[in-house]
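Here is a short briefing to read alongside the structure. Take a moment with the sequence and the model first, and then come back for the notes.

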Amino acid sequence: MPEIEYLSPVNSIVLESSVTPEEYANTIMGLFTDSDRLRSLKASIWPSIQHLTIEQMAQRFIKGVSSILGL
């Protein structure tokens, strides 16, 4: 699972690849000046990533290597 899969408009700032540096900066500044949005983002971080553990990462790595080796 790529890390980006757990991101959503609720728990992050997801921007199109065509966003300019100026638009990116404005988005970040907008977040930091919107205390309600920032508070909401902070509150949603842990629930959105708590399943991403070192143990699960290692298991996925083992599964991938085993698959490549045909085990």
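The notes below go from the overall picture to individual residues.

Please keep in mind that this is a predicted model. The protein has three helices and zero strands, and its elements run α-α-α from the N terminus on. Of its 71 residues, 10% count as buried.

**Confidence**

- The mean pLDDT of the protein is 81, and 82% of the residues reach 70 or more.
- Among the elements, helix 3 has the highest confidence, at 92, while helix 2 has the lowest, at a mean of 83.

**Surface**

- The accessible surface of the protein comes to about 5,900 Å², and carbon and sulfur atoms account for 64% of that area.
- A nonpolar patch on the surface is formed by Phe 61, Ile 62, Val 65, Ile 68, Leu 69 and Leu 71. Together these residues have about 710 Å² of accessible area.
- Ile 68 has a relative accessible area of 72%, so it counts as exposed, the cut-off being over 50%.

**Helix 3**

- How many of the 16 residues of helix 3 are buried? The number is zero, so this helix lies largely in the open. Buried here means under 20% relative accessible area.
- Just after helix 3 comes Gly 70, which takes a positive phi of about 75 degrees.

- The structure holds one salt bridge. Which residues form the salt bridge? Arg 39 pairs with Asp 36, and their closest N and O atoms are 2.8 Å apart.
- Both Arg 39 and Asp 36 belong to helix 2, which spans residues 35-49. The two residues are three places apart in the chain, about one turn of the helix.
- An α-helix has 3.6 residues a turn, so residues three or four places apart point the same way.
- Are the two partners, Arg 39 and Asp 36, buried or exposed? Arg 39 is exposed, and Asp 36 is exposed too.

Terms used
Residues numbered from 1 in each chain as written. Predicted model: local features only at pLDDT ≥ 70, side-chain atom pairs only at ≥ 80, totals over all residues. Heavy atoms only, no water. Salt bridge = Lys/Arg side-chain N within 4 Å of Asp/Glu carboxyl O. Helix = DSSP H or I, 4+ residues; strand = E, 2+ residues; numbered from the N terminus. Buried < 20%, exposed > 50% of the residue type's maximum accessible area, 1.4 Å probe, protein only. Patch = residues over 30% accessible without salt bridge, like charges linked within 9 Å, V, L, I, M, F, W, Y side chains within 5 Å. Areas by Shrake-Rupley, 256 points an atom, 1.4 Å probe, with all protein chains shown as cover. pLDDT = per-residue confidence, 0-100.
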